[in-house]
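This report describes parts of one protein model for a reader who is new to structural work. Please look at the sequence and the structure before reading on.

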Amino acid sequence: MSEGNALIALIDCVNFSAMKHSTQRRLDPEKTPYINHPIGVARILAKEGGISDLATLQAAILHDTVEDTDTTIEEIEEHFGKEVRDIVADVTDDKTLHWKERKRLQIVHSPFICPKAKLVKLADKLYNLRDLEKSTPEGWTEERVQIYFEWSAKVINGIRGNNEVLEKELDKLFTKRDIVIEKE
């Protein structure tokens, strides 16, 4: 794919995600538009993680569409192809399950997702944890924030070895919160 076509494909992806998330807001006090999150995840991958792979960046932009909008996994494949579909599927929780079960399954399944999905997950957690460092979401206690950090560390421990730069950034956040980091 030419550089121009890749750029158009990426912009199409941002547009698709923006339309799907158009009515959603983050839970921060500012009620940030939700689309800032997937764009931010892709930015972390590209700028900090050195990732230029189109499918990975597209999946980052789309990573919450199936989980949090009316988008189907088939729709992702129809618009963006099987590779992007597979990456998005790997990082999508089954919302029919209780939230505790979804969180448990992320810890269990993350080591077995594809390498590109692991990159998306690293950047997603890094974005979310940085957000939590800046402000506490509405309705969250400091204890809930700490529990999210501890759970995130367990997820990250299962996908280590995929991007040293992003993992070091995550480790800085975990260390700040006195969370034990499991390394091989």
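## The largest pocket

Which residues lie nearest the centre of the largest pocket? They are Lys103, Asn128, Trp140, Arg144 and Tyr148, and the lining has 32 residues. A pocket is an open set of points, on a 1 Å grid over the protein atoms alone, where a 1.4 Å probe fits, with protein on both sides within 12 Å along at least five of seven lines; lining residues have an atom within 4 Å of a point.

Helix α8 gives the most to this lining, with 6 residues. Helices here are DSSP runs (H or I, at least four residues), numbered from the N terminus.

## Basis of the model

The model is predicted: local features need pLDDT of at least 70 and side-chain atom pairs pLDDT 80 or more, while totals for chains, interfaces and linings use all residues. Residues are numbered from 1 along each chain as its sequence is written, and side-chain values use heavy atoms, without hydrogens and water.

## Histidine 37

Histidine 37 belongs to helix α2 (residues 36-48). With 1% relative accessibility, histidine 37 counts as buried, a term for under 20% relative accessible area (1.4 Å probe, protein chains only). Beyond neighbours within four places in sequence, its contacts include His63, Asp124 and Asn128; contact means heavy atoms within 4.5 Å.

## Helix α10

Helix α10 spans residues 164-176. Its buried residues are Leu166, Glu167, Leu170, Asp171, Leu173 and Phe174. Viewed down the axis of α10, these residues fall within an arc of 160°, so they line one face of the helix; the arc is that of the directions from the helix axis to the C-beta atoms.

How values were computed: Helices (H or I, at least four residues) and strands (E, at least two) are DSSP runs, numbered from the N terminus. Buried means under 20% relative accessible area, exposed over 50%, partly exposed in between (1.4 Å probe, protein chains only). The expected span of a helix is 1.5 Å times one less than its number of residues.
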